[in-house]
Amino acid sequence: MMRQMRRLPFIVIPFIVLAQLSCGKAKLADFVFTVQSSIGTVKVVSQGVARAASIGEALALGDAVITDKASTADLLYGAKGLVRVYENSNVRIASLQEKMAGDTSLTMQSGKVYVTVSKLVKGSTFRVNTP
């Protein structure tokens, strides 16, 4: 019985954190891309300079994520979405929402992405532009 009581916080705390993330009003931090994970060779190109992607790294307007063969990257869009960039892909942040209502768009120059976004704030859009 005592062991079960010790495990309870490890089970309950993640649910509390998830509930807080999914509830409440949107904040500007909800409109930032960060690198959640990467497998293989994943590069971030920022202001013309390429570097290896780092877990937790925030991406800025104009940054590109490039994956090589057998490589993937997961990008978090605040607490609202996930973008999976598959192998041999090149995806650039073309516009980034700066206010509670606005436009966020990615330009996929090559490759494949999978995007899942929860309900957006009224007046907001999320797009992936392809060639």
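Visitor: Which residues have the most contacts inside the largest nonpolar core?
Guide: They are F33, L59, L75, V83 and L106, in a core of 18 residues. The elements giving two or more residues to this core are β1, β2 (42-46), β6, β7, β8 and β9 (103-110), and β6 gives the most, with 3 residues. Before we go on: this is a predicted model, where local features need pLDDT of at least 70 and side-chain atom pairs count only at pLDDT 80 or more, while totals for chains, interfaces and linings use all residues. Residues are numbered from 1 along each chain as its sequence is written, and side-chain values use heavy atoms, with hydrogens and water left out.

Visitor: What makes a set of residues a nonpolar core?
Guide: Its members are buried Ala, Val, Leu, Ile, Met, Phe, Trp, Tyr and Cys residues joined through side-chain atoms within 4.5 Å.

Visitor: What is L59 in contact with, leaving aside its neighbours within four places in sequence?
Guide: Contact means heavy atoms within 4.5 Å, and L59 has such contacts with F33, V35, V44, V65, L75, I93 and L96.

Visitor: Why is S95 called buried?
Guide: Buried means under 20% relative accessible area (exposed is over 50%, partly exposed in between, with a 1.4 Å probe and protein chains only). S95 has 17%, so it is buried. S95 lies in strand β8 (residues 90-95); strands are DSSP runs of E, at least two residues, numbered from the N terminus.

Visitor: How do you know that the side chain of S95 makes a polar contact with that of D103?
Guide: A polar contact is a pair of N or O atoms within 3.5 Å; within protein, one must be able to donate a hydrogen and the other to accept it, and residues adjacent in sequence count only if both atoms are side-chain atoms. The S95 and D103 side chains come in at 3.0 Å, and a polar contact of 2.8 Å joins S95 to the side chain of S105.

Visitor: What makes β6 and β7 a pair?
Guide: Two strands pair if DSSP finds at least two bridges between them. Strands β6 (residues 72-77) and β7 (residues 81-85) have 5, in the antiparallel sense, with L76 opposite L82.

Visitor: Why do β4 and β10 stand at the edges of the sheet?
Guide: The open, antiparallel sheet has 5 strands in the order β4-β1-β6-β7-β10. Each of β4 (58-59) and β10 (113-117) has a single partner strand, so one side of each is left without a neighbour in the sheet.

Key
Helices (H or I, at least four residues) and strands (E, at least two) are DSSP runs, numbered from the N terminus.
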